[in-house]
Amino acid sequence: MDRIYNFSAGPSMLPLEVLEKAQKELVCYKNSGMSVMEMSHRSKDFEEIIFSAENTLRELMDIPSEYEVLFLQGGASLQFAMVPLNLMVNYHCADFVNTGQWSKKAISEAARYGKVNIVASSEDKTFSYIPDLKPEIFSTNVDYTYLVLNNTIYGTQIPDAKLPNIAGVPLVGDMSSNILAQVYDIRKFGLVFAGAQKNLGQAGVTIVIVHKDLVGNHMDITPSMLQYSIHAKERSLYNTPPTYAIYIAGLVFDWVKQMGGVAAMQKHNEEKAGLLYDYLDNSSLFKGTVVPEDRSLMNVPFVLPTAELDAAFIKEATAKGFANLKGHRSVGGMRASIYNAMPTEGVRALVELMGKFEVENK
Ligand code: PMP
């Protein structure tokens, strides 16, 4: 069977070049005589894989030496607990902006360990916009301010230019669904994290980029495995890391570099998302659900006038090789996730299909 266009929110499409390279090296990695899966994490070959992955990521995101880059497990969801356990140590309090399910989960987890202030929310309109992040809503006597930079389910984003700047308070960003897809100045953050299964490769590894000043002050109850300091000290080799997922992430980093880096990816992503949003803005049948100024480059939710039409469109699209267009179960409708690896032709073909459906169902 031929490969199809996969619009899944994650795990999602990987660059074909990465899959083919992994296929070539699957059984025997370079001169090691074994697969990366079979390799000791303490071997020279694996050290080369993890350290060069770290270096390429540092280069791509322009991460200065005052930041640690960690390869951890437990998904982005474990960071909902690790962040407060390691950072909520002075004021025992943090500010949160509630922009959807992933911030709600982070809020309820953080509330186990300290006080949470929900300083703004867009729940009143089904998270279809980003609340105004004006400086006066944020506290200064908190351990950190927490934002989700791209809301995978609702299709909103907070780009670099709209990040709040709160003097003396570290910014924590969940970058799970837009890391390496658009440019952020890492120096504006105390910590960012991202699960790998959207823009970085396969599920199983979570990247944490954390300023060294925030490492080492965890709560006493923090299990060793959840202390950033232990992983930083051991360069993510405290225990057996998810070796193959790290290898694949390294291949994805090399691919992004070959594509011209993050700024080039952003331009590519703006063109791709632009095709779809332009179509939605001009269609008399399909409608985007997010206010134009907060639209995500990665996840594009849209609806038809009735649930029956939504179902008919998804059925037709699936039959024609456009997979996983069904919206998240909490919002319905459709969602096209168009991460870095989705080619422009995939989006163009989707727009064509929508145009045809519109003509046939007017
Ligand atoms: N944050 C965001 C923005 C996400 O999109 C997701 C997963 N879709 C998560 C957190 C949770 O990630 P994981 O499944 O890796 O725990």
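Predicted model: local features only at pLDDT ≥ 70, side-chain atom pairs only at ≥ 80, totals over all residues.

Student: How many helices and strands does the protein chain have?

Tutor: There are nine helices and 14 strands. These are DSSP runs numbered from the N terminus (helices H or I, at least four residues; strands E, at least two).

Student: And how much of the protein chain is buried?

Tutor: Buried residues are 57% of the 362, with buried meaning under 20% relative accessible area (1.4 Å probe, protein chains only).

Student: New topic: at what angle do α1 and α6 pack?

Tutor: About 130 degrees, with the axes of α1 (residues 16-25) and α6 (residues 243-258) 9 Å apart. Axes are lines fitted to C-alpha atoms over the stretch in contact, and angles run from 0 to 180 degrees between N-to-C directions.

Student: Which residues make the contact?

Tutor: From α1, E17, V18, K21, A22 and E25; from α6, Y244, Y247, I248, L251, V252 and W255. Contact means heavy atoms within 4.5 Å.

Student: What classes are they, by count?

Tutor: The contact of α1 with α6 has eight nonpolar, three charged and no polar residues. Ala, Val, Leu, Ile, Met, Phe, Trp, Tyr, Cys and Pro count as nonpolar, Asp, Glu, Lys and Arg as charged, and the others, Gly among them, as polar.

Student: Last one: what does the C-alpha trace span?

Tutor: Along its principal axes, about 60 × 60 × 30 Å.

Key
Residues numbered from 1 in each chain as written. Heavy atoms only, no water. Buried < 20%, exposed > 50% of the residue type's maximum accessible area, 1.4 Å probe, protein only.
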